[in-house]
Amino acid sequence: MTNLRPTAGALFAQALQGLADILRKVFLPHLAAGLGLFIISVYSVYSFVLAPAHLPAPVEFIFIGTLFLGYGLLAFAYAFITACAFALRIACATWEEFIDNTLDQVKQAAANKIDDMNEGLAKDQAKVIVSGSVREVFGEFNQGRKTSFGRALTRLLLGVTSLAMRSVLLARVVKISDQTVQLGKLFAGRATLVGAIFLNLRLFSTLLLVLLYVLGAVALTLNFLLVFWLK
């Protein structure tokens, strides 16, 4: 296991704090949107399904309570997740130093697994070493978060960043025309690697945000279709 240098921990804490600060700013608008979806969904189900059914008052009360609880939890969860994706897309623009430092940690972790960084390795072996090094470094960052909110943000930041870094490095291994790979050359061109990782981060967070918006629209449409089918 590698030991994180103080700068690595400080840069990670700074990136995490930046993500949390942006999340606080964007959460309320997303919560308002989730509340709107919640009101529309509950009102449509009640108006077109429950009210015409003329159920006994106790039964209707139970159904309404279940609707409020179920749709309320779904709306809150959806608002929180989409706000996290939105905040991630904005925050990653400030993570260049954190990405650069973490990439250096991954390089050191890989160097500890072999005798010589200029040694020719089979591509499959290089992939295993690179993936293991990324997992090792990011696993160390994942320690010491006590609150559920802190753990959730940590997993989001580390999960997306490690995915972006791993995909860039493995893609570089695949693109090498030789049968063997020198890890020293793989990690060369730090600025290019950091830029590619940032672009991957931006792409992943954008795709995640679009996917969540589409899922929200699909869920709302299916809810309306179900209501009119039950009507």
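## A salt-bridge network

D100, D104 and R190 are linked in a network of salt bridges, a salt bridge being a side-chain nitrogen of Lys or Arg within 4 Å of a carboxyl oxygen of Asp or Glu. This is a predicted model, so local features need pLDDT of at least 70 and side-chain atom pairs count only at pLDDT 80 or more, while totals for chains, interfaces and linings use all residues. Residues are numbered from 1 along each chain as its sequence is written, and side-chain values use heavy atoms, with hydrogens and water left out.

In the pair R190 and D100, the closest N and O atoms are 3.3 Å apart. This pair links distant parts of the chain, with R190 in helix α7 and D100 in helix α3, 90 residues apart. In the pair R190 and D104, the closest N and O atoms are 3.4 Å apart. Here too distant parts of the chain are linked, since D104 is in helix α3 and R190 in helix α7, 86 residues apart.

How covered are these residues? R190 is partly exposed at 26% relative accessible area, and D100 is partly exposed at 29%. D104, at 17%, counts as buried. These words have cut-offs: buried means under 20% relative accessible area, exposed over 50%, and partly exposed in between (1.4 Å probe, protein chains only).

## A pair within one helix

By this rule the count comes to four salt bridges. One of them joins R24 and D21, with the closest N and O atoms 2.9 Å apart. Why are these two separated by about one helical turn? Because they are three residues apart in helix α1. R24 is exposed, with a relative accessible area of 52%, whereas D21 is partly exposed at 33%.

Side chains of opposite charge can pair when their charged atoms come close.

## The chain as a whole

The protein chain has seven helices and two strands. Helices (H or I, at least four residues) and strands (E, at least two) are DSSP runs, numbered from the N terminus. From that end, the elements run α-α-α-β-α-α-β-α-α.

What overall dimensions does the protein chain have? Its C-alpha atoms fill a box of roughly 80 × 35 × 25 Å, taken along the principal axes. The radius of gyration is 24 Å, while a compact globule of 231 residues would have one near 17 Å. That radius is taken over C-alpha atoms, and the globule rule is 2.2 Å times the number of residues to the power 0.38.

Buried residues make up 38% of the 231 residues. Among contacts between residues at least 6 apart in sequence, 83% join residues at least 24 apart, where contact means heavy atoms within 4.5 Å.

## The nonpolar core

Now to the inside. The largest nonpolar core has 52 residues, of which L19, W95, F98, L157, L169 and L183 touch the most other members. Such a core is a set of buried Ala, Val, Leu, Ile, Met, Phe, Trp, Tyr and Cys residues joined through side-chain atoms within 4.5 Å. Which helix gives the largest share of this core? Helix α1 does, with 11 residues.

Some residues let you look at the packing up close. Not counting residues up to four places away in sequence, F98 touches L11, F12, A15, F141, L157 and T161. T161 has its place in helix α5 and is buried, with a relative accessible area of 0%. Leaving aside neighbours within four places in sequence, T161 is in contact with W95, F98, F138 and L201.

With neighbours within four places set aside, C84 is in contact with L23, L153 and L156. C84 and V26 are 58 residues apart in sequence, and their C-alpha atoms are 8.5 Å apart in space.

## A loop residue

D116 lies in the loop between α3 and β1 (120–122). At 39% relative accessibility, D116 counts as partly exposed. D116 and D100 are 16 residues apart in sequence, and 22 Å apart in space from C-alpha to C-alpha.
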